[in-house]
Amino acid sequence: MASFQQALTMVFAINEINNNNNLLPNITLGYQIYDNCLRLGVAFRAAISLTSGTEESFSDLNCTGPPPVIGIVGDPGSSQSIAISSVLGLFRVPMVSYYATCSCLSDRKKYPSFFRTIPSDAFQVRAMVQILRHFGWTWVGLLYSNDDYGVYAAQSFQQEMQLFGGCVAFSEILPYDNNHRDIHRIVGVIQTSTAKVVVAFSTDLSSLMDELLSQNVTGRQWIASEAWTTTPVLQTPQYFPLLGGTLGIAIRRGQIQGLHDFLIHLRPDNNPKNSTIKIFWEKMFGCKFEAVDKQQEQGGTKCSGQEDLSSTETAYTDVSELRASYNVYKAVYALAHALHDLMQCEEGSGPLIGNRYADITNLKPWQKVNFTTGFGDHVSFDENGDALAIYDVMNWHPRSDGSIVVRTVGVVDEAATSGKVLTLDEDALYWNFETKKPPQSVCSESCPPGTRRARRKGFPVCCFDCLPCGDGEISNTTNSPECVMCPDEFWPSPENDHCVPKEVEFLSYEDPLGISLTTASLLGTSFCALVMVIFAHHRNTPVVRANNSELSFLLLLSLKLCFLCVLLFIGRPQLWTCQLRHAVFGISFVLCISSILVKTMVVIAVFKSSRPEGKSAIKWFGSAKQRGTVLALTSTQVAICTIWLSTASPTPHKNNQYIHSKIVYECAIGSVAGFSLLLGYIGLLAAVSFLLAFMARNLPDNFNEAKFITFSMLIFCAVWITFVPAYVSSPGKYAVAVEIFAILASSFGLLVAIFAPKCYVIILHPERNTKKAIMGRSTQNK
């Protein structure tokens, strides 16, 4: 019935064109219809008969000679079209198919005169992949028929799936003869596969569906090709549990004004060459035109030819879903518009070589076509003879009686001006699942942001594991194949899905460690000030005078500077603090150590001067020479610092190497040699002081300060020797804290070891702070 409707649609279109004064004026189109009987040989012979010109007369009009065939509408089958167009292409006879979709027919070298008003399978496949992409179905099964249509569609589908990033879980060829063993095996594959979505390219799925129903294989989302999306064979109640909710694509539905009236007013005639209408009539009304005597005996009726077609409800009279018939209509108009354009050509402006145009009585080339139908659809062909790709998206809904109704729920238009190829009405979709939602069909769940995909060995690309991004890496998209590194001053968020500015770390005054060190620094400074006050108040007492009060005050001043220089190490590093911290530290400690060195030398000189052989020793260590020695030793350190700061000054530096998740804001020393020379000079003076004090440790107690100096320098050296490995192994701000601790520890060691005994005598035992007591001890020691 549907095929007969398509044939009469061509007749209707030709009559409409012949009655149109604006299209092909003074030219009448004729036609001849052949039935291919679904056989390639019959279709091939019909096409050759049309183009060979074997019939001298072909109508009751005043036309003689071989029929000027301008083109052939058909064949609907891909296999037949391949065979026919390969021959017709040699003679450049155009063939416009309304239902052959094989993508192979787009090859202009093999089929130079083949055109079609239905999109090729290449477009069909892309449309189906658009649906899969929309719902995130990347793991699907594939079934296809064992013919040109199925094989080429399956090849295109697998290629498009690779481009889309999806995978085919299984691929099975449907047996041509519906072999039960093969069908049973395919059902087993579908049942055991984890793919919940099955794509099928075929025109006959009845045997497969029957076997699926018998084994109760449900819970699958079917994606139908245009070959079976609208077929009524499977739209029965028995198939609903299996096929309800099927999504498919169908060729564009159109409307043809006046076609329904034309179809229902069809009447049989007595032309012996037009027996097709009689056969149709007999099948439609269950009657016979001839030899009815025997039938009447059996209750048969005779056809009158006046039966009413409008009272029937069949695929022939149903014009609500004009798809293939609409393509036939467009094919006829395409031929007519091409012929009309040839008639409009003027001499010297034709499309052929030398600007010639074709002879209307001897058509050979094919013309470009560009027109709009009465329904508003634009019709044209691309360089491969393919029509514009536009499909309706169909969804199988349940009827009240349990059968299936196919409804349009969207459109796939590759030429959409909005750029949105797929448009779906999500609310109109029916899902045949308990959740009433689209199923999930993936081999592996999507990897969330913060992870990357790692393909499983031996599995398709859709099967993967999700691995977290490494240190310093992020991924901000789903299913990211790789993680990317954050910029230098950024670090991944806890979820590893975006970069955040790194935390800047430095020893600040708000930090508990910074507060503790600052407090210790201020306490040390206060103690120095307190000792200075004590010494100043008791400056005329024997204990203060016997221990060289001037050097003692200078030593206390230098210790106060040592304690205060700690404050330069705390806080956000700036250029001036970086330049001053080590310079002040180096100069303060040299001033301190040089004062201790001179005190040690004075103690030794005083002891020697008490003996007859060393009376002249004290002359070399007068007050001026003591100050000069301290100044000279300190000036050397000043010179080292000056050269260092002028050549390679320390600067603030953002260090990303200590801790990758943080920026350690520190002072780069600038010159390793300069810093080493500064520390080395302090170490040299400390070592000399320690050696001299150690040699003088056994001098008389009355004058002996060497024991205390020895002990203080021992503390000093121990602190700075342990400082080196601790500093090197401490990360970030803790390296600065280690350096501050060394400064404070050595300063407190010097302060306590040298000045605590003296303050003890001055404050707690003033009776021992007399010249007589000191001299008495001296006599006793003798």
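Phenylalanine 675 is buried, at a relative accessible area of 11%. By buried I mean under 20% relative accessible area; exposed is over 50%, and partly exposed is in between, with a 1.4 Å probe and protein chains only.

Before going on, a word on the source. This is a predicted model, where local features need pLDDT of at least 70, side-chain atom pairs count only at pLDDT 80 or more, and totals for chains, interfaces and linings use all residues. Residues are numbered from 1 along each chain as its sequence is written, and side-chain values use heavy atoms, with hydrogens and water left out.

Back to the rings. Which residue forms an aromatic pair with phenylalanine 675? Tryptophan 644 does. The pair is tilted, with 6.0 Å centre to centre and 45 degrees between the planes. Tryptophan 644 sits in helix 17 (residues 623-647) and phenylalanine 675 in helix 18 (residues 672-695), so the pair ties together parts that are 31 residues apart in sequence. Tryptophan 644 also counts as buried, at 3% relative accessibility.

Some terms. Rings of Phe, Tyr and Trp (its six-membered ring) pair if their centres lie within 6.5 Å; planes under 30 degrees apart are stacked, over 60 edge-to-face, and the rest tilted. Helices (H or I, at least four residues) and strands (E, at least two) are DSSP runs, numbered from the N terminus.

How many aromatic pairs does a search of the whole structure find? It finds 25. One of them joins tyrosine 329 and tyrosine 333, tilted, at 4.9 Å centre to centre with 50 degrees between the planes. Both tyrosines lie in helix 12 (residues 324-343), 4 residues apart, about one turn of the helix. Tyrosine 329 counts as buried at 10% relative accessibility. Tyrosine 333 counts as buried, also at 10%. Elsewhere, ring pairs link Phe585, Phe589, Phe716, Trp720, Phe723 and Tyr727 into a cluster.

Now the strands. Two of them pair if DSSP finds at least two bridges between them. Take strand 8 (residues 247-251): 5 of its 5 residues are buried, so strand 8 is largely enclosed by the rest of the structure. In a regular strand the side chains alternate between the two faces of the sheet. Strand 8 has both faces covered: Leu247, Ile249 and Ile251 are buried on one side, Gly248 and Ala250 on the other.

Which strands pair with strand 8? Strand 7 (residues 221-224) runs parallel to strand 8, joined by 2 bridges. There, alanine 224 has glycine 248 as its bridge partner. Strand 11 (residues 390-398) pairs with strand 8 in the antiparallel sense, over 5 bridges. On that side, glycine 248 stands opposite methionine 394.

Strand 20 and strand 22 (residues 662-668) run parallel, joined by 3 bridges.

Last, the surface. Leu523, Phe527 and Leu530 form a nonpolar patch there, with about 280 Å² of accessible area together (Shrake-Rupley method, 1.4 Å probe; for residues, only the protein chains shown count as cover). Leucine 523 belongs to helix 13 (residues 512-537). Patch members have over 30% relative accessible area and no salt bridge; like charges are joined within 9 Å, nonpolar side chains (Val, Leu, Ile, Met, Phe, Trp, Tyr) within 5 Å. A salt bridge puts a side-chain nitrogen of Lys or Arg within 4 Å of a carboxyl oxygen of Asp or Glu.
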